[in-house]
Amino acid sequence: TVKLPPDAKSAQQKPDPTQRVETVTINAAGAYYLNGRSIGFSELQVQLRAFGAEPKKPAVRIAADIDARHGRIMAVVTELKKNGLNQMDLATEASP
């Protein structure tokens, strides 16, 4: 289970409903998942490179546990940018 940070009620851009969304999850222990499947960081790099080579690149949602290390999140962001995957967002929990 991943405990997401709360939504700060900021207006986030709605994703294009026709664009595929891939989800990278980082749990509190620092483990990576791609669309719910456990994956090592080097394999994640390979997958992100493949997504970046596609003619219609997917959007990527990062769902990081509130207790995940900042460096793990930034490593994913760096890989996204390196591969031209510029449509990304951070998953949050709705505020009560």
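Predicted model: local features only at pLDDT ≥ 70, side-chain atom pairs only at ≥ 80, totals over all residues.
Trainee: What is the secondary structure of the protein chain?

Mentor: Two helices and five strands. Read from the N terminus, the elements come in the order β-β-β-α-β-α-β.

Trainee: Why is Thr25 called buried?

Mentor: Buried means under 20% relative accessible area. Thr25 has 15% relative accessibility, so Thr25 counts as buried. This residue is found in strand β1.

Trainee: What does Thr25 touch, leaving out residues up to four places away in sequence?

Mentor: Val2, Ala31, Tyr32, Tyr33 and Ala63. Contact here means heavy atoms within 4.5 Å.

Trainee: How many residues of the protein chain count as buried, as a percentage?

Mentor: 32% of the 96 residues.

Trainee: How do you know that the length of helix α2 agrees with its number of residues?

Mentor: Helix α2 covers residues 70-82, which is 13 residues. The expected span is 1.5 Å times one less than the number of residues. That comes to 18 Å, and the end C-alpha atoms of α2 are 18 Å apart, so the two agree.

Trainee: What makes you say that the buried residues of α2 line one face?

Mentor: The buried residues in α2 are Ile73, Val76, Val77, Glu79 and Leu80. Seen down the helix axis, they fall within an arc of 160°, and therefore they line one face of α2. On the other side, His70, Lys81 and Lys82 are exposed, and exposed means over 50% relative accessible area.

Trainee: What do the buried residues of α2 pack against?

Mentor: Against β1 (21-26), β2 (32-34), α1 (41-53), β4 (59-64) and β5 (88-90). The helix itself lies across β1, β2, β4 and β5, and runs at about 175° to β4.

Trainee: Which residue with a positive phi follows α2?

Mentor: Gly84 follows α2, and its phi is near 70°.

Trainee: Why are β1 and β4 said to pair?

Mentor: Two strands pair if there are at least two bridges between them. Six bridges join β1 to β4, and these strands run parallel. As one example, Thr23 stands opposite Arg61 in β4.

Trainee: How do you know that β1 and β2 pair as well?

Mentor: The test is again at least two bridges. β1 and β2 are joined by three bridges, so they pair by that test, and they run antiparallel. Within this pairing, Ile26 has Tyr32 in β2 as its bridge partner.

Trainee: How many residues lie between β1 and β2 in their hairpin?

Mentor: Five, and Gly30 in that turn has a positive phi of about 95°.

Trainee: In which sense do β2 and β3 pair?

Mentor: In the antiparallel sense, over three bridges. Leu34 stands opposite Arg37 in β3.

Trainee: In what order do the five strands stand in the open sheet?

Mentor: The order is β3-β2-β1-β4-β5, and the pairing is mixed.

Trainee: What makes β3 and β5 edge strands?

Mentor: Each of them pairs on one side only. Across this sheet, neighbouring strands are turned by 25° against each other on average, direction ignored.

Trainee: What share of the contacts with a separation of 6 or more comes from residues 24 or more positions apart?

Mentor: 74% in the protein chain.

Trainee: What is the accessible surface of the protein chain?

Mentor: About 6,100 Å², of which 54% belongs to carbon and sulfur atoms.

Technical notes
Residues numbered from 1 in each chain as written. Heavy atoms only, no water. Helix = DSSP H or I, 4+ residues; strand = E, 2+ residues; numbered from the N terminus. Buried < 20%, exposed > 50% of the residue type's maximum accessible area, 1.4 Å probe, protein only. Arc of directions from axis to C-beta. Axes fitted to C-alpha atoms, helices over the stretch in contact; angles between N-to-C directions. Areas by Shrake-Rupley, 256 points an atom, 1.4 Å probe, with all protein chains shown as cover.
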